[in-house]
Amino acid sequence: MSRQTIDLSVPDLSGKRAVVTGASDGIGLGIATRLAAAGAEVVMPVRNPGKGERAVAEILRQTPGANVSLRALDLSSLASVAALGSELLAEDRPVHLLVNNAGVMTPPDRQTTADGYELQFGTNHLGHFALVAHLLPLLRAGHARVTSQISVAANRNAINWDDLNGERSYNGMRAYSQSKIAFGLFGLELDRRSRAEGWGISSNLSHPGIAPTSLLAARPEVGRAKDTLGVRMIRALSARGILVGTVRSAQLPALYAATSPEARGGALYGPSGPGNMGGSPAEQKLYGRLRGTDDARRIWRVSEDLAGVRFTN
């Protein structure tokens with residue numbers, strides 16, 4: 001099968017409510033578009049309302065009559081996360097699918113969230129951790145599947161337990177890896193705790209491989225005035241069909257993990273091509289850094305304290 005024909009079938013999702021973070025562009029927009037086309041009601045929490053409105057217009061262009069709506073969310077602000085949680089709880093509608101897709105990658109200089117946490121750890125991990133905690137009653141009511149988007153970067157570097165905030169030393173890629181390792185450990189621990197406590201939630205992980213998304217592109221809001229050399233190389237390889245995937249193929253592992261009847265809790269899904277950089281989605285061996293249950297319990301405790309939330313039955 002050529003790279004251009006790689007795809008998957010999304011089952012009928014009529015009557016399901018899906019929440020997708022980071023759905024205003026790139027991979028997240030692609031995921032939201034496919035879920036809406038399959039009949040789901042898609043809630044799109046976004047930081048930039050203008051981008052969000054353009055994303056909704058694009059979904060409606062592709063699927064006239066799709067049931068999509070915007071909500072406000074800045075994952076780098078725990079107050080914003082709590083406000084979204086309160087809004088959705090007030091609507092009292094079960095959530096059947098949650099795709100934790102949004103993220104920020106490798107600001108060249110250390111930045112912090114509204115709450116003073118290193119930006120990548122605070123956004124990629126803590127913001128989503130808090131969101132799941134706030135939405136837990138709705139996720140339980142919907143017997144939800146939670147899919148958390150990690151990265152191949154979770155297979156290198158480590159959590160710096162003595163300097164989670166990068167206050168003593170900061171390296172953008174090490175901090176990014178740490179955020180994705182922490183997030184992956186959380187996603188796996190969520191599945192274990194759900195089974196132990198009878199929450200009825202299934203939680204798994206996905207990663208998009210390598211593709212020319214906006215994560216490494218020029219992003220003035222994170223201090224990156226121009227595209228990185230890395231994203232320029234990835235674009236060139238992607239255009240030639242060499243090794244890496246496309247923005248379209250990079251959507252598929254999360255779609256599979258979130259919707260396939262064959263996908264299971266506690267598993268990792270990613271591209272199946274060489275080096276797991278591109279190709280059709282498939283289950284993959286858990287990265288070594290994600291296998292430690294002691295580390296998973298530790299990051300859960302630390303994250304509850306830092307985010308000021310508790311997972312209550």
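Guide: An angle under 35 degrees counts as roughly parallel, one over 145 as roughly antiparallel, 65 to 115 as roughly perpendicular, and the rest as oblique. The model is predicted, so local features need pLDDT of at least 70 and side-chain atom pairs count only at pLDDT 80 or more, while totals for chains, interfaces and linings use all residues. Residues are numbered from 1 along each chain as its sequence is written, and side-chain values use heavy atoms, with hydrogens and water left out.

In contact, meaning heavy atoms within 4.5 Å, are Leu 78, Val 81, Ala 82, Leu 84, Gly 85, Leu 88 and Leu 89 of helix 3 with Leu 126, Gly 127, Ala 130, Leu 131, His 134, Leu 135, Pro 137 and Leu 138 of helix 4. This contact has twelve nonpolar residues, three polar and no charged ones (nonpolar: Ala, Val, Leu, Ile, Met, Phe, Trp, Tyr, Cys and Pro; charged: Asp, Glu, Lys and Arg; polar: the others, Gly among them).

Next come helix 1 (residues 26-37) and helix 7 (residues 247-259), whose axes lie 9 Å apart at an angle of about 55°. Helix 1 and helix 7 are therefore oblique to each other, and their crossing is right-handed. Helix 1 contributes Gly 26, Ile 27, Gly 30, Ile 31, Arg 34 and Leu 35, and among the helix 7 partners are Val 247, Arg 248, Ala 250 and Gln 251. By class, the contact of helix 1 with helix 7 has eight nonpolar, four polar and two charged residues.

The last pair is helix 5 (residues 172-197) and helix 8 (residues 293-307), with axes that come within 9 Å and cross at roughly 95°. That angle makes helix 5 roughly perpendicular to helix 8. Ala 182, Leu 185, Phe 186, Glu 189, Leu 190, Arg 192 and Arg 193 of helix 5 meet Thr 293, Asp 295, Ala 296, Arg 297, Ile 299 and Trp 300 of helix 8. The residues of this contact divide into seven nonpolar, one polar and five charged.

How values were computed
Helices (H or I, at least four residues) and strands (E, at least two) are DSSP runs, numbered from the N terminus. Axes are lines fitted to C-alpha atoms, for helices over the stretch in contact, and angles run from 0 to 180 degrees between N-to-C directions. A crossing is left-handed if the near helix is turned anticlockwise from the far one by less than a right angle, and right-handed if clockwise.
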